[in-house]
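Please look through the sequence and the model shown below before reading on. The briefing that comes after them is arranged by topic.

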Amino acid sequence: MSKEKQGEDNGRPDLEKAVDNSRRDFLRKVTLAGAVTVTGGAAIYSGHRFEKAKHNEGMVRVLTEDNRLVEIPVEQMRDFKPDLKMLQTRGREGIAGRRWVMVIDLSRCRNARKCVEACQSAHQLRPYEYHINTLVMQESVNTPAFFMPKPCQHCDNPPCVSVCPVDATFKRQDGIVLIDNERYLVCRLCIAACPYSARIFHWQEPTQAEADKDKEYNVELNVPQKKGTVTKCLFSADRLREGMLPYCVSACPNGVFYFGDENEDAVTNGTTKETVRLSELLETSGAYRLMPELGTKPRVYYLPPRNRIFEFEEGEKKEYKEDKA
Amino acid sequence: MKYTVPVIMCLLLLPSLSKGQDWVVPEERKGRLSTFPFTEETRKEGERLYNINCLSCHGTPGKNNSIALVPPPGDPATEKIQRNSDGEIFHKVTVGRGQMPSFRSVMSAEEIWKTVSYIRSFNRDYVQRVMQIITSSAYPGAQISLSMAYLEAERQVIVRAMATDEEKSVPVTNAGVRLFASRYFGALAVDEEKLTDKNGVAAFVIPAGLPGDTAGNVSISARFTDEEVFGSVTRDTVIQAGLKNRAGSLVAQRAMWNSVRKAPLWVILSYGIGVLAVWGFILLVMLKLRDIYTVGSALRGNLRPASDQEPTNKQEAI
């Protein structure tokens, strides 16, 4: 009995203790939860207030693409990388109100090859792949030879664009003829149609295929290049967008190239950076265009090689060896 | 008498010998000096500019590796170039001659002086003389400013240069001023360089055919030719003096080379008619086939009783 009582006696405090413990536990938990809620709430509230305050003050001024100055909250700023769709759209539209034109002064070209090198490095071409060919011209045996750099003529009536069955090569409102590698079908009709032989075909994997794997294709630079596509001079459409002269024009050390906007009647020499009236330059120098009888209306003008200031000298021909590794 | 022929030949040869070598710099330009002293900093900046603008022809100074041209460009470290005065080098770089292009629009006066500073670093005997801008300037301590006005009737831009200090304002006289119209890749010189008259005024004529933007606006700026003396003061403004740009887009017209929507009407029409004709023919063939089928089934319907009887006859036969 006593044992039982003892047992009961002993048992009751145990139970009470347990109940007591659980109550204490519960109270502790409730207090803790309350404290957490209050602190959390306060934190969230202060955070909200801070955000609100930031929203009012943290504005930043941004120049939009159409040249408007706007104010946007700092927290809504995102890093912007032009995606393929945007590059394609703006690459096809071109720059409104412009009509690019190039003038090549043959009396100044001494085949320094700086234009070719600048072009090849910008467009990731091999040493034997050319957007500009420097041809040796000699009209007849008793007339002197001269060098003639020949880029794409960016015709206003481009036969290459007419024959393209898939709209992969196209003309823009500012006069530039471009190629969209994303639409290209490997028919190569454009190469055959071009009377100036301005286009080349990529038979090999591009030189920087590995490095450019994740790079977005820029139709205005034609980079990354792609095996099995056509490429040609682009008048450095990407540089024109930034207000800079094409790669070849600014690389020339002899003042051969002039480039500018026909609408502004002005062309700027790439070497001297001197800007002259296009109409005056063409008229006073007796300018001409290549194969006018074809009616292609090129946007490249040539100034005849008269009053040359140096002797014609054909440099040594270089042999290019492909790096197999 | 026997020396006549050699003497004449020598006399004939003399001008031809000196012809290629003499590059005469106008007397007033020879004594021109830099407005700042040449330091290690200007030398470094000059080296950068030299490598961009001069290296491709003149080579690395001291290495005698300039490219082979006639006349040779020459190594700037050699005595031939170093015996030029600062003003002469400055003038030759600015103006250019023959195959040497003019760097007037490529580098500012300050940048050309920095290049001279680099070239001079290869001459140990060189001692620089610096121009004191305050003493050489006719208007010491004064703030020089330009103002512009456009006279629409005369198509003239009047530029006025004034030097103002604390007490008074006086016109800047006999100063060369140039006027430029802003173009996409650079500044187009409008009219020639003009000297300011006794009132500090220079008048420029805007040529009639100068194109402006779509509204005919041209943004023009005026500046002094001698920026070392008068400071790099410029004055920009927009005037409505240009032709309105109405050229429009080059892909607006219908053409074979244009996009599908802008194809010539005859192409769209003949192609459309062609496609319709082919599909129409296919549709016609299918309709005819349907007709044959209906006629065929009608005929089969008429014949069916006869064919149906056959098996029954056979059954009966069995």
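This is a predicted model: local features need pLDDT of at least 70, side-chain atom pairs count only at pLDDT 80 or more; totals for chains, interfaces and linings use all residues.

Residues are numbered from 1 along each chain as its sequence is written, and chains are lettered from A and ligands numbered from 1 in the order in which they are written.

**Where the chains meet**
- Chain A gives 36 residues to the contact and chain B gives 27 residues, where two residues are in contact if their C-beta atoms, placed from the backbone, lie within 7 Å.
- On the side of chain A that touches chain B, the largest share, 3 residues, comes from β10(A), a strand being a DSSP run (E) of at least two residues and a helix one (H or I) of at least four, numbered from the N terminus.
- That side of chain A divides into 9 nonpolar, 14 polar and 13 charged residues; here Ala, Val, Leu, Ile, Met, Phe, Trp, Tyr, Cys and Pro count as nonpolar, Asp, Glu, Lys and Arg as charged, and the others, Gly among them, as polar.

**Nonpolar cores**
- The largest nonpolar core has 80 residues, of which Val103(A), Cys248(A), Phe257(A), Val267(A) and Val159(B) touch the most other members; such a core is a set of buried Ala, Val, Leu, Ile, Met, Phe, Trp, Tyr and Cys residues joined through C-beta atoms within 7 Å.
- Strand β3 (residues 100-105) of chain A gives the most to this core, with 5 residues.
- Leaving aside neighbours within four places in sequence, the contacts of Phe257(A) include Met102(A), Ile104(A) and Cys248(A).

**A pair of helices in chain B**
- Helix α3 (residues 40-53) and helix α7 (residues 109-120) of chain B have axes, which are lines fitted to C-alpha atoms over the stretch in contact, that come within 7 Å and cross at roughly 100°.
- That angle makes α3(B) roughly perpendicular to α7(B), a term used for angles of 65 to 115 degrees.
- The contact of α3(B) with α7(B) has 3 nonpolar, 4 polar and 5 charged residues.

**A loop residue**
- Gly59(B) lies in the loop between α4 (55-58) and α5 (79-82) of chain B.
- Gly59(B) is partly exposed because 18 other C-beta atoms lie within 10 Å, whereas a buried residue has 20 or more and an exposed one 12 or fewer.

Technical notes: Axes are lines fitted to C-alpha atoms, for helices over the stretch in contact, and angles run from 0 to 180 degrees between N-to-C directions. Angles under 35 degrees count as roughly parallel, over 145 as roughly antiparallel, 65 to 115 as roughly perpendicular and the rest as oblique.
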